Amino acid sequence: MPPPADIVKVAIEWPGANAQLIEMDQKRPLSSIIREVCDGWSLSGSEQFALRYADGPQLYITEQSRGEIKNGTILRLAISPARAARQLLERIQSHGIDARLEALKELAKLSADPTFAAEFINMEGIGTLARLVESGTHFGEMLAFTLTAFLELMDHGIVSWDLISLSFIKQIAGYVNQPMVDVSILQRSLAILESMVLNSHSLYHRVAQEITVGQLIGHLQVSNQEIQTYAIALINALFLKAPEDRRQEEYTNPLEQHLTEMASTLAQKHLRSIILNHVIRGNRPIKAEMAHQLYVLQVLTFNLLEERMMTKMDPNDQAQRDIIFELRRIAFDGENDPTGTEKRKAMYSKDYKMLGFTNHVNPAMDFTQTPPGMLALDNMLYLAKVHQDTYIRIVLENSSREDKHECPFGRCAIELTRMLCEILQVGELPNEGCNDYHPMFFTHDRAWEEFFCVCIQLLNKTWKEMRATAEDFNKVMQVVREQITRALAMKPSSLDQLKNKLRGLNYSEILRLRQSERMSQDDFQSPPIIELRERIQPEILELIKQQRLNRLCEGSCFRKLGNRRRQEKFWFCRLSLNHKVLHYGDLDESPQGEVPFELLSDKIPVSDIKSVVTGKDCPHMKEKSALKQNKEVLELAFSVLYDPDETLNFVAPNKYEYCIWTDGMCALLGREMGSDLTRSDLDTLISMEMKLRLLDLENITIPEAPPPVPKEPSSYNFTYNYS
């Protein structure tokens, strides 16, 4: 008979004594259980004690968290959080250097515990740590432990960052600005400043006064990638929280990149080239967190284009109309205009038609739709000014074609700008967990405009290859989108590499790729082949199911999303080899390879699993509003619901792992595997299997219907003599 659900069997340790093996009744008050344990070791004052986990983070157990205790867990009797906080506070303020160092070291470790943190903060502990930092008398290890504890305590969100004093900010900024400072102190100082900027609007202004991008650039030129990551994270935080009035400067010159005041500083200080040479092209591989910060910087940089993208052109604004006049002048007038001005004005309508505008009379109307708004006009002017020969060649080349085959430059540039904004998600906030940065965008000061110039030439080339007419406009844009997305997926390291990739993805190659990808859908449509496909499908589905379950047996590492992403925690989950138990447990760092079952302390019997939910239905997506708003995280979230009313929450590291685990859990529960990966694998494997089976029938026409059965013989009076 199984034990009651409310009873968990645990071991409780105490230094210098034999462990107690008890059956913990989860219905009893925790204080009663602690009193009983203390009596077992003849310890008085049970209210001064508490239970903690013996392994892992060694968190305190409270009435709220006791439900997470599993059978076989090893606990430890320890002094209560309040008593521990009081003792550490006294030791921190003692005069003995060694005692203070040990106390700060222990505090740095305990501060991650929310129960201890609440007690320490209630005793004005954060104020004490802040004063130690402000005094400027702590150095080396002692200062590093102080900053670690401070950061951990503030991370719990119990105390508002707005309470931080200006002298504390100046002291932390001083550590960042010092030419020679301990690495651990520098890391924590950068992290504290980042948290200040992200969590307090008022502190942003104070930090921005103390720290400039120029001062952070030096930290990008070091060999320590952790320091580089923290420095870029702080730059991103300053960039993200810059007020709107500073973020978007008055747009005066259409040739100048539309940058924030912040971004102008970045450009002046050569931030881009330093990131390119010391980070992206450094001698070390880019770690996941650095890749994420580069992605965030890329997104924030492109988001500077949003205002222009959403700005409609005012047809009555003469300054804006002058830009269109300039496009016409560069294309058709050259350096000198020998023709009279009045006569040229009469030809404007014809010129605008040759430029490919939809509205020949007033082309300003073409830029009244958002997106792309004025951003399209900015791109066109950049091409005309910086790549004048290319611009003139494209315009004149098309104006000399037959009308039905001319590529309308203006219409194409506007639609292309809209497409690029969609592909690069201009205007959207960075996705947590996404590392999709493109190195080539860090190779040029005007990467967006140069990217447009490459793509508009591609569009013109593809138009000619397709021998397109005006009616084929949407088809051409679809092909160009596919060419660009396929090229970006190859992660070219420079704009020249992008050109080479696009050169290989001409229209013929796109047709070949489409045909290859469509083979499994277009081939084998006759009834006999469809019947064969239906017979093969169950065994292929079983093969996919076994592959999914085998992957679950190997296990995967998942990240716990916290407030500070770089101080991330990991946990591992894998299925037992007999497919009956799901094992999981916390890890200190991301594992290399398989994690043994012995290191995974928690487990869930598969028989207890009731269902698997995904996306918005997951409990952890409902609880965390920030994550709930994050489309990327939402698409990777799933939860396992098991008896009695417990959940195991996941956020997959990528779409592939998400599909593997949701498919595997559905297979365990005897449900249909419905992920995109399953559909893709099913199509691929069935196509391969059918081609193998039909190999001998090549060039043979398969009849739509089976051949007729021959008539019966007139008699069965026939034999064969074997002798």
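The model is predicted: local features need pLDDT of at least 70, side-chain atom pairs count only at pLDDT 80 or more, and totals for chains, interfaces and linings use all residues. Residues are numbered from 1 along each chain as its sequence is written, and side-chain values use heavy atoms, with hydrogens and water left out.

The chain has 723 residues, of which 47% count as buried; buried means under 20% relative accessible area, exposed over 50%, and partly exposed in between (1.4 Å probe, protein chains only). Its secondary structure comprises 32 helices and 11 strands, where helices (H or I, at least four residues) and strands (E, at least two) are DSSP runs numbered from the N terminus. Contact means heavy atoms within 4.5 Å. Among contacts in the chain with a separation of 6 or more, 67% are between residues 24 or more positions apart. The chain exposes about 37,100 Å², and carbon and sulfur atoms supply 50% of this area; accessible areas come from the Shrake-Rupley method with a 1.4 Å probe, and for residues only the protein chains shown count as cover.

Helix H11 covers residues 225–241. The end C-alpha atoms of H11 are 24 Å apart, in agreement with the 24 Å that its 17 residues should span at 1.5 Å a residue; the expected span of a helix is 1.5 Å times one less than its number of residues. Because 14 of its 17 residues are buried, H11 is largely enclosed by the rest of the structure. At the start of H11, a side-chain oxygen of Asn224 comes to within 2.8 Å of the backbone nitrogen of Glu226. Leu240, also found in H11, counts as partly exposed because its relative accessibility is 30%. Together with Leu198 and Leu429, Leu240 forms a nonpolar surface patch with about 260 Å² of accessible area. Patches are made of residues with over 30% relative accessible area and no salt bridge; like charges are joined within 9 Å, and nonpolar side chains (Val, Leu, Ile, Met, Phe, Trp, Tyr) within 5 Å.

Helix H23 (residues 447–465) has 19 residues and reaches 27 Å from its first C-alpha to its last, close to the 27 Å expected. H23 is mostly covered, with 15 of its 19 residues buried. Arg467 follows H23 and is found in the loop between H23 and helix H24 (473–489). The phi of Arg467 is near 50°, a positive value in a residue other than glycine, and Arg467 counts as exposed because its relative accessibility is 59%. Glu124, likewise not a glycine, has a positive phi of about 60°. Glu124 is found in the loop between helix H4 (114–122) and helix H5 (125–135) and is exposed at 57% relative accessibility.

The loop between helix H19 (348–354) and helix H20 (374–386) contains Pro371 and Pro372. A cis peptide bond joins Thr370 and Pro371, with omega about -20°, and the bond from Pro371 to Pro372 is cis as well, with omega near 15°.

The structure holds 33 salt bridges, each being a side-chain nitrogen of Lys or Arg within 4 Å of a carboxyl oxygen of Asp or Glu. One of them joins Glu397 and Lys464 (3.3 Å, N to O). Because Glu397 lies in helix H21 (residues 388–399) and Lys464 in helix H23, the pair ties together parts that are 67 residues apart in sequence. Both partners are partly exposed, Glu397 at 23% and Lys464 at 38%. Arg446 and Glu449 also meet in a salt bridge (3.4 Å, N to O), and both of these residues are buried.

Asp681 forms a salt bridge with Arg548, the closest N and O atoms being 3.1 Å apart. This pair links distant parts of the chain, with Asp681 in helix H32 and Arg548 in helix H27 (residues 527–554), 133 residues apart. Asp681 is partly exposed at 22%, whereas Arg548 is buried at 1%. Salt bridges that share partners also join Glu326, Arg329 and Lys385 into one network.

Glu657, in helix H31 (residues 655–668), is buried with a relative accessible area of 12%. The side chains of Glu657 and Ser556 are joined by a polar contact of 2.8 Å; a polar contact is a pair of N or O atoms within 3.5 Å, where within protein one must be able to donate a hydrogen and the other to accept it, and residues adjacent in sequence count only if both atoms are side-chain atoms.
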